[in-house]
Amino acid sequence: MVAAERAAAQANVGLCVQLWTAVRDWKAKTALWDATPLPRSDIAAMNADIAGFARVAAVATHGLPENGAAKWLRTVVDGRVRTLPTLGDLTNPALRPRHW
């Protein structure tokens with residue numbers, strides 16, 4: 001019984017560490033993305049990073065359903081996911097000033 005409780009506690013702590021690391025990294029990445037001019041943004045790399053954050057957010061909201069940080073991360077990642085197609089369109093080299 002004690003071994004099962006210890007394993008569950010270790011899994012919970014591991015998930016919390018993963019979540020808080022993702023929250024810290026998310027804040028750093030979004031600060032970098034927001035400070036980078038759009039034409040110089042690497043949308044493919046941003047998409048890959050966001051996919052990783054989305055995986056962590058999904059696991060955290062499932063494993064820690066009452067954790068506010070997990071819900072926050074899921075919300076902000078989902079919001080950024082919705083903007084990616086628009087960012088990709090705006091960085092399209094075929095877009096010209098006359099399109100505005």
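Val 56 lies in helix H2, where helices (H or I, at least four residues) and strands (E, at least two) are DSSP runs numbered from the N terminus. At 15% relative accessibility, Val 56 counts as buried; buried means under 20% relative accessible area, exposed over 50%, and partly exposed in between (1.4 Å probe, protein chains only). Beyond its neighbours within four places in sequence, Val 56 is in contact with Gln 18, Leu 19, Ala 22 and Leu 73, contact meaning heavy atoms within 4.5 Å. Val 56 and Thr 21 are 35 residues apart in sequence, and their C-alpha atoms are 9.8 Å apart in space.

## Basis of the model

The structure is a predicted model, in which local features need pLDDT of at least 70 and side-chain atom pairs count only at pLDDT 80 or more, while totals for chains, interfaces and linings use all residues. Residues are numbered from 1 along each chain as its sequence is written, and side-chain values use heavy atoms, with hydrogens and water left out.

## Overall fold and dimensions

The protein has 3 helices and 0 strands, and the pattern read along the sequence is α-α-α. Helix H1 covers residues 2–35 and helix H2 covers 43–63; helix H3 covers residues 68–90.

The radius of gyration of the protein is 18 Å, whereas a compact globule of 100 residues would have one near 13 Å. The radius is taken over C-alpha atoms, and the globule rule is 2.2 Å times the number of residues to the power 0.38. The C-alpha trace spans about 70 × 20 × 20 Å along its principal axes. Within the contacts that have a separation of 6 or more, 71% are between residues 24 or more positions apart.

## Surface and charge

Of the 100 residues, 24% count as buried. The protein exposes about 6800 Å², and carbon and sulfur atoms supply 61% of that area. Accessible areas come from the Shrake-Rupley method with a 1.4 Å probe; for residues, only the protein chains shown count as cover.

There are 12 positive and 8 negative side chains, and the centres of the two sets lie 5 Å apart. Lys and Arg count as positive and Asp and Glu as negative, with His and the chain ends not counted. The place of a charge is taken as NZ of Lys, CZ of Arg, CG of Asp or CD of Glu.

In soluble globular proteins, nonpolar side chains tend to be buried together. The largest nonpolar core here has 20 residues, of which Leu 19, Trp 26, Met 46, Ile 50 and Leu 73 touch the most other members. H1, H2 and H3 are the elements that give two or more residues to this core, and the largest share, 7 residues, comes from H2. A nonpolar core is a set of buried Ala, Val, Leu, Ile, Met, Phe, Trp, Tyr and Cys residues joined through side-chain atoms within 4.5 Å.

Leu 73 is in contact with Leu 19, Ala 22, Val 23, Trp 26, Phe 53, Val 56 and Ala 57, leaving aside its neighbours within four places in sequence.

## Other positions in helix H3

Ala 70 is found in helix H3 and is buried, with a relative accessible area of 0%. Apart from neighbours within four places in sequence, Ala 70 is in contact with Leu 19, Ala 60, Thr 61 and Leu 64.

At 18% relative accessibility, Arg 80 counts as buried. With neighbours within four places in sequence set aside, Arg 80 is in contact with Trp 26, Thr 30, Trp 33, Asp 34 and Ile 50. Thr 86, found in helix H3, counts as partly exposed at 46% relative accessibility. Thr 86 and Ala 3 are 83 residues apart in sequence and 50 Å apart in space, C-alpha to C-alpha.

## The H1–H2 loop and Gly 63

Ser 41 sits in the loop between helix H1 and helix H2 and counts as buried at 15% relative accessibility. Not counting residues up to four places away in sequence, Ser 41 touches Thr 36 and Met 46.

Gly 63 is found in helix H2 and is partly exposed, with a relative accessible area of 39%. Gly 63 and Cys 16 are 47 residues apart in sequence and 9.4 Å apart in space, C-alpha to C-alpha.
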